[in-house]
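Hello,

Here is the structure I promised to pass on to you. Have a look at it first, and then read my notes below.

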Amino acid sequence: MTAGRKLFVAVAVVLCAAGMFFAQTGWVAAESKVAFYANITSVEPIMDAFAKSSGIKGEYTRISTAKFLSTVFTEFEAGKLMADVIQAPLPVLEMLKEKGVISSYVSPAATTYPAWANKDGIQLFGIEYVGLIYNKELVKPADVPKRYQDLTDPKWKDKIVMANPTSHATTICWLVALKDTVFTSEAEWRDFLKGLAANNPMFVTSFGPTPAPIESGEKLIGISMPKYIVTKAPAPLDWARLENQPLMGTPRAMGISTKAPHPEEAKKFVDYWLSKEAMTILAKDVGEYVLADGVFPPIDGMDRAKVIAIKELSDDEITKWGEDFKKIFAAK
């Protein structure tokens, strides 16, 4: 073999090895990426799967719901918005679209979703479902609530944890939705709130810190998200199967920025996110309740649960109800 031929073979071997390395590790060129701003948590498995599937690196930035609108809009107005794809509760995206932040891209994958899940480029893909979770090692089966009203039983005094109902927007929306969905009158609903307050629940800043005191036994039950049964496994958590009462939550939505720095990568990301493969990962590994047909989180009984989307309140409504709840829970 001549020297030139040996050099050719050596270069080919190196390039082949490099290609195998990139394919196996998901490494991609620096410019092939997509920036994802979201309030949803624990999505690393789906980000990794997207990178391996597409060769495009996904950069995930988590922004809390309370700061989402101001953060994104401030960056947009300053011409410094780095997000290609934006995920947030539906009302947040609707407000961003009104400001010209969200494009009207409709993914081909959206055809597999209910028609009501597409709103001119804003695509709904799941529900941030909330219910009652409890410590299954410390709560006897006979004591597990069968109705939301059971939380007012004095046996739960000092044993409940929940996000602060005076400041956590999602909890405020959820409590108001109880009035409109579960209770037959506002008087009955207000009695429930007073009974809940009388049981002196522990307040935390959001849903994220609610599982820890239940796992440890510091508290026994909480108003929280059943997804933690998956993400906190093998923690001794279970959820209360309420009789003829639904789990409720705000719709999760996503859209592409009108000024996306990587518009083609953004489309591929949304297409993948809405695929059944990605939704299965989101349900199986993250415990999310998704709208993809026939896909459920691996939580016993969740495939038979009634889960409904609720209305997200405006900022003014949240402030108003937060002040109202402050009076109720301060009087406990």
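**What I found**

S224 and T210 are joined through their side chains by a polar contact of 2.7 Å. Please keep in mind that this is a predicted model.

Let me start with the whole protein. Its secondary structure comes to eleven helices and twelve strands, and the C-alpha trace spans about 90 × 45 × 30 Å along its principal axes. Of the 332 residues, 51% are buried. Among contacts between residues at least 6 apart in sequence, 75% join residues at least 24 apart.

Back to S224, then. You will find S224 in strand β8, which covers residues 221-224. Is S224 buried or exposed? S224 has a relative accessibility of 0%, so it counts as buried. Setting aside neighbours within four places in sequence, S224 is in contact with Y129, V130, G131, I133, F207 and T210.

The other spot to look at is a pair of helices. Helix α5 (residues 169-181) packs with helix α6 (residues 186-198) at an angle of about 140°, and their axes are 9 Å apart. Angles over 145 degrees would count as roughly antiparallel, and α5 and α6 are therefore oblique to each other. The crossing in which α5 passes α6 is right-handed.

Which residues meet there? From α5 come L175, V176, L178 and K179, and from α6 come E186, W189, F192 and L193. By class, this contact of α5 with α6 has six nonpolar residues, two charged ones and no polar ones.

Enjoy exploring it!

Best wishes

Notes: Residues numbered from 1 in each chain as written. Predicted model: local features only at pLDDT ≥ 70, side-chain atom pairs only at ≥ 80, totals over all residues. Heavy atoms only, no water. Helix = DSSP H or I, 4+ residues; strand = E, 2+ residues; numbered from the N terminus. Buried < 20%, exposed > 50% of the residue type's maximum accessible area, 1.4 Å probe, protein only. Polar contact = N/O pair within 3.5 Å; in protein donor to acceptor, adjacent residues only side chain to side chain. Contact = heavy atoms within 4.5 Å. Axes fitted to C-alpha atoms, helices over the stretch in contact; angles between N-to-C directions. Parallel < 35°, antiparallel > 145°, perpendicular 65-115°, else oblique. Left-handed = near helix turned anticlockwise from the far one by under 90°. Nonpolar A, V, L, I, M, F, W, Y, C, P; charged D, E, K, R; others polar.
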